Amino acid sequence: MRELDVSVEAAREAGAVIRSLYGTGIAVVEKGDRRDSPLTAADTRANEILAERIGAAFPADGWLSEESVDTAERFGKRRVWIVDPLDGTKEFVRQIPELAVAIGLVEDGVPIVGVTYNPIRDEMYAAARGAGATWNGRPVRVSDTRELRLARILASRSETKRGEWDRFRGAFEIDLCGSVAYKLARVGAGIGDATFTLTPKNEWDICASACVIECAGGRVTDLAGQPLKYNQTTPVFAGVVATNGVLHAQLLALLRQSD
């Protein structure tokens with residue numbers, strides 16, 4: 001599939017730039033629109049590469065990226081690329097190798113291509129609707145864990161630090177991992193059984209790896225258990241639950257009880 005091939009190549013090119021800047025102590029600034037949201041040259045240069053490569057290959061498609069100015073043009077497009085050129089900027093700055101280039105393509109609001117690439121660990125997660133999912137070129141499936149108490153749930157370091165996961169300790173194994181996109185991709189590869197967030201996340205945090213999970217046999221929904229719809233006017237989800245599918249109802253029930 002050409003869209004998948006272009007995405008993988010673009011992710012590798014952007015990832016090479018990120019890798020070349022990793023650990024160099026490049027300047028960090030705070031984004032003007034959000035507190036506690038760092039921005040580096042790695043973010044902006046990776047975004048330029050993705051916009052150029054994908055835009056040249058598919059000029060008729062829409063575009064939504066964390067590091068590009070959003071416009072209403074995407075609302076009139078059936079196909080929209082939803083991109084985070086560097087998910088895990090905080091990890092990048094702290095030299096924690098848990099970050100990702102995330103490239104998703106949606107058609108009528110549904111992800112059909114997803115590529116999530118960790119350039120520091122050289123891990124490529126890729127998927128296309130109807131063609132399954134791969135991890136470094138090898139086909140992958142979600143895990144087969146069936147009991148929530150035995151599950152390995154990937155958790156945000158910042159969320160656990162704020163105490164948001166304290167109420168879940170003992171209910172399952174908690175494994176800390178940076179970058180939303182990277183956590184989700186690892187669920188798709190069966191490395192983790194599930195992940196969730198009760199705090200708002202942007203579409204570009206979720207889209208690419210949600211495609212990987214769904215193509216690998218898993219499930220991704222909002223906190224009410226409803227499918228996610230992308231390319232919305234406000235591209236933010238109030239919360240997200242992603243699992244191997246088997247655990248989904250159990251995890252949703254636990255989250256409801258913990259409200």
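**View 1. Aromatic pairs in the predicted model.** Eleven aromatic pairs are found in a search of the whole structure; rings of Phe, Tyr and Trp (its six-membered ring) pair if their centres lie within 6.5 Å, and planes under 30 degrees apart count as stacked, over 60 as edge-to-face and the rest as tilted. This is a predicted model, in which local features need pLDDT of at least 70 and side-chain atom pairs count only at pLDDT 80 or more, while totals for chains, interfaces and linings use all residues. Residues are numbered from 1 along each chain as its sequence is written, and side-chain values use heavy atoms, with hydrogens and water left out.

**View 2. The stacked pair W165 and F196.** The ring centres lie 4.2 Å apart and the planes meet at 15°, so W165 and F196 are stacked. The pair links distant parts of the chain, 31 residues apart: W165 is in the loop between α4 (157-161) and β11 (173-176), and F196 is in strand β12 (residues 194-197). Helices (H or I, at least four residues) and strands (E, at least two) are DSSP runs, numbered from the N terminus. W165 has 1% relative accessibility and is therefore buried, a term that means under 20% relative accessible area, with exposed over 50% and partly exposed in between (1.4 Å probe, protein chains only). F196, at 5%, is also buried. W165, F168, F172 and F196 form one aromatic cluster.

**View 3. The edge-to-face pair Y230 and F237.** The two ring centres are 5.3 Å apart, with 90° between the planes. Y230 is buried at a relative accessible area of 4%, and F237 counts as buried at 8% relative accessibility.

**View 4. The packing of helices α1 and α2.** Two packed helices are described by the angle between their axes and the distance between the axes. Helix α1 (residues 2-21) and helix α2 (residues 41-57) pack at about 160°, with axes 9 Å apart. Axes are lines fitted to C-alpha atoms, for helices over the stretch in contact, and angles run from 0 to 180 degrees between N-to-C directions. The two helices are therefore roughly antiparallel (over 145 degrees; under 35 is roughly parallel, 65 to 115 roughly perpendicular and the rest oblique). Residues of α1, including V6, A10 and V17, meet residues of α2, including R45, I49 and L50.

**View 5. V180 in helix α5.** V180 belongs to helix α5 (residues 180-188) and counts as buried at 18% relative accessibility. Leaving aside neighbours within four places in sequence, V180 is in contact (heavy atoms within 4.5 Å) with D87, K201, D205 and I206.
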